[in-house]
Amino acid sequence: MHNLLLKWLKRLLMSLGALSLLATLLFIGGNFWVLATTAAYIERQPQQCRPAEVGIVFGTSHWTRSGVRNPHFHARMRTAATLIEQSQVEHLLLSGDNRTQAYNEPRAMWRELYRRGVASEQLTMDFAGFSTYDTLARARDVFQLDKALLITQSWHLPRAVYIGRELGIDVTGCVADDPTVAVGWRLKLREWAARVATLGDLYVWGREPYFLGTPEPIELPRQTPIDLILPSLNERFSPP
């Protein structure tokens, strides 16, 4: 009986070890795949970001839990306003969480961008961007976008770009980093895990957005067609 118990325990430990190894390989491999397949679509300087009619700004809290201004929020707003000012995007889709009356990410983004000089007619709010996946699914199905420039931090962009392209949207990424802010290990670890979970969302359990609703296409003004702007901008990205 004692030998049988030891034999069973040994098999259990071997099985757990094999599962742990497999999970580790999937974790590392999933992250490597997302990073490797999106690197070519991400630019680190706003002036190098590829022009698009619409930029999507991902929501985050205006304040940190410690009660100070969130540098990630302000870096996204600063980058988005710069892209508008440089005519690299015509319009911004502000997508975030609106869980309570007191917590409204799209409204906070709208106010900050308006304060930075972005015209109200260049801003559209999406109040059901509860996650990165939801934001991009709604951008495609509700706001009828087939191309967009994604604006968020460098640690977030690979996952966002990967989701967008897998959903059939021609997306590129524009980094909105604050060079004075270090990214904590908890945030990095959470993002590593989120990349692996994204692969499950897309290929295993077929995730659906929390809320879609009826289509609300973004209508862009025609008096300044993007086709007149793109040639001069694209000269920056053309090979010599």
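What share of the contacts with a separation of 6 or more comes from residues 24 or more positions apart? The figure is 75%. Keep that number in mind as we walk through. One caution: this is a predicted model.

Let's start with the overall layout. The protein has seven helices and six strands. Along the sequence, the order is α-β-β-α-β-α-β-α-β-α-β-α-α. There are 240 residues, and 43% of them are buried.

Now the inside. The largest nonpolar core has 28 residues. Seven of its members touch the most other members: I56, L93, L136, L145, L150, L167 and I218. Which elements supply at least two residues each? They are β2, α4, β5, α5, β6 and α6. For orientation, β2 covers 54–58, β5 covers 147–152, and β6 covers 170–175. Helix α5 gives the most, with five residues.

Take L145 from that list. Leaving aside residues up to four places away in sequence, L145 touches V54, I56, L93, A139, R140, I169 and I218. There is also a second, separate core. That one has 22 residues, including A52, V57, A80 and V89.

Next, helix α4, residues 132–141. Is α4 mostly covered or mostly uncovered? Mostly covered: eight of its ten residues are buried. The buried ones are T132, Y133, D134, T135, L136, A137, R138 and A139. What do they pack against? On the strand side, β2, β3, β4 and β5. On the helix side, α5 and α6. Here β3 is 91–95 and β4 is 123–126.

That brings us to the helix pair α5 and α6. Helix α5 runs over residues 157–166, and helix α6 over residues 185–203. Their axes come within 10 Å and cross at roughly 10 degrees. So α5 is roughly parallel to α6, because angles under 35 degrees count as roughly parallel.

Who meets whom? From α5 we have P158, R159, Y162, I163 and E166. From α6 we have E191, A194, R195, T198, L199, L202 and Y203. By class, this contact has seven nonpolar, one polar and four charged residues.

Find the core of 28 residues, with L145 among the members that touch the most others. Find α4, with eight of its ten residues buried. Then find α5 beside α6, their axes within 10 Å.

Key:
Residues are numbered from 1 along each chain as its sequence is written. This is a predicted model: local features need pLDDT of at least 70, side-chain atom pairs count only at pLDDT 80 or more; totals for chains, interfaces and linings use all residues. Side-chain values use heavy atoms; hydrogens and water are left out. Helices (H or I, at least four residues) and strands (E, at least two) are DSSP runs, numbered from the N terminus. Buried means under 20% relative accessible area, exposed over 50%, partly exposed in between (1.4 Å probe, protein chains only). Contact means heavy atoms within 4.5 Å. Axes are lines fitted to C-alpha atoms, for helices over the stretch in contact, and angles run from 0 to 180 degrees between N-to-C directions. Angles under 35 degrees count as roughly parallel, over 145 as roughly antiparallel, 65 to 115 as roughly perpendicular and the rest as oblique. Ala, Val, Leu, Ile, Met, Phe, Trp, Tyr, Cys and Pro count as nonpolar, Asp, Glu, Lys and Arg as charged, and the others, Gly among them, as polar. A nonpolar core is a set of buried Ala, Val, Leu, Ile, Met, Phe, Trp, Tyr and Cys residues joined through side-chain atoms within 4.5 Å.
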